[in-house]
Amino acid sequence: MTRVGAIDCGTNSIRLLIADVTEGSLQEVHREMRIVRLGHGVDATGRIGAEPMARTLAAAADYAAQCQEAGCESVRFVATSASRDADNAEEFVAGIREAFAAFGTVPEVISGQEEAALSFAGATTGLRGAAAPYLVVDIGGGSTEFVRGTQGVEQSVSVDIGCVRMTERHLHSDPPTEEEIWPALGDVTVAVNAAAEQVDLTGIGTLVGVAGSVTTVTAHALGLDAYRPDQIHGAELPVEQAIAACTELVQMNRTDRAALPYMHEGRVDVIGAGALVWRSIIQRLQHDSGLSTVRTSEHDILDGIALSQAAAG
């Protein structure tokens, strides 16, 4: 076993996983998430703002300290959509390199294709018994990955729709109006159609959704009294139940969303857009593959980043 640190820095959140890994298996030691909104405003300005940059680098420095205290032998830091898109991405990369200097960690601003492969590796760990092929959908803040495969990745694509990007672009009212929702749905439909040109959405045996938008929708559908990963992970919902939960979250006002016992405070403002994206994808798979249920995984790109270090070793 090798103790490793894995960090996923996305548009909305930065997450840490410390785990003991061998090739193909993972034992979690510690996992946490912070909402830092690194990608706030990037869609409009093309740059990472000073405050989001500072928040994210401060969180990264704390994660580096935790990795040292836990005795990690290696740390892999993966940055996703905001760091790919921003004009000042190099400034961000330099700050991360400094924070993790003790490990010699070079922050990786990965491609959408590699992001998809890591998500698939993490999400399909422990999927034994589920009907193949799988379609793993990772809804992030700025992008969404579609990955089809069974033993490994067969097809993948990353498209520029996500909960932060769609919120900033379209959903400005509280709650969102129909005049805002329809253009957002238009963008999502165009993106899903583009994804379907590169990833076959027919003949899918199991649709697996990962990341915070999907897990929050699942918590809502299950009516949980708190955010409970053990009940969310592996949950299989009828598509009608999942779609209804998405619609309710889109239509709620901010106060009602914030009062939900499983809602992370950093997700209150963007969950409506995330639910909108997830609903559209579920409906597309219901149509194209005749799926009657959807599954949720708490394991995602973060687990894939950890497992990749065992494979690399």
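Q: How many aromatic pairs are there by this rule?
A: Rings of Phe, Tyr and Trp (its six-membered ring) pair if their centres lie within 6.5 Å; planes under 30 degrees apart count as stacked, over 60 as edge-to-face and the rest as tilted. By this rule the count is 2 aromatic pairs. Phe77 and Phe92 form a tilted pair, with 6.4 Å from centre to centre and 55 degrees between the planes. Phe77 belongs to strand E4 (residues 74-79) and Phe92 to helix H4 (residues 89-99), so the pair ties together parts 15 residues apart in sequence. Helices (H or I, at least four residues) and strands (E, at least two) are DSSP runs, numbered from the N terminus. Phe77, Phe92 and Phe100 form one aromatic cluster.

Q: On what basis are such values given?
A: This is a predicted model: local features need pLDDT of at least 70, side-chain atom pairs count only at pLDDT 80 or more, and totals for chains, interfaces and linings use all residues. Residues are numbered from 1 along each chain as its sequence is written, and side-chain values use heavy atoms, with hydrogens and water left out.

Q: Are Phe77 and Phe92 buried or exposed?
A: Buried means under 20% relative accessible area, exposed over 50%, and partly exposed in between (1.4 Å probe, protein chains only). Both Phe77 and Phe92 are buried.

Q: Which residues touch the most other members of the largest nonpolar core?
A: A nonpolar core is a set of buried Ala, Val, Leu, Ile, Met, Phe, Trp, Tyr and Cys residues joined through side-chain atoms within 4.5 Å. In the largest core, of 50 residues, they are Leu135, Phe146, Leu207, Trp278 and Ile281. Helix H12 (271-289) supplies the largest share, 9 residues. A second, separate core has 24 residues, including Ile18 and Phe77.

Q: What is the strand order of the open sheet?
A: Two strands pair if DSSP finds at least two bridges between them. The open sheet has 6 strands in the order E8-E7-E6-E9-E11-E10, with mixed pairing. Strands E8 (153-159) and E10 (236-238) stand at the edges with a single partner strand each, so one side of each lacks a neighbour in the sheet. Strand E7 (residues 144-149) runs antiparallel to E8, joined by 6 bridges; Thr144 has Val159 in E8 as its bridge partner.
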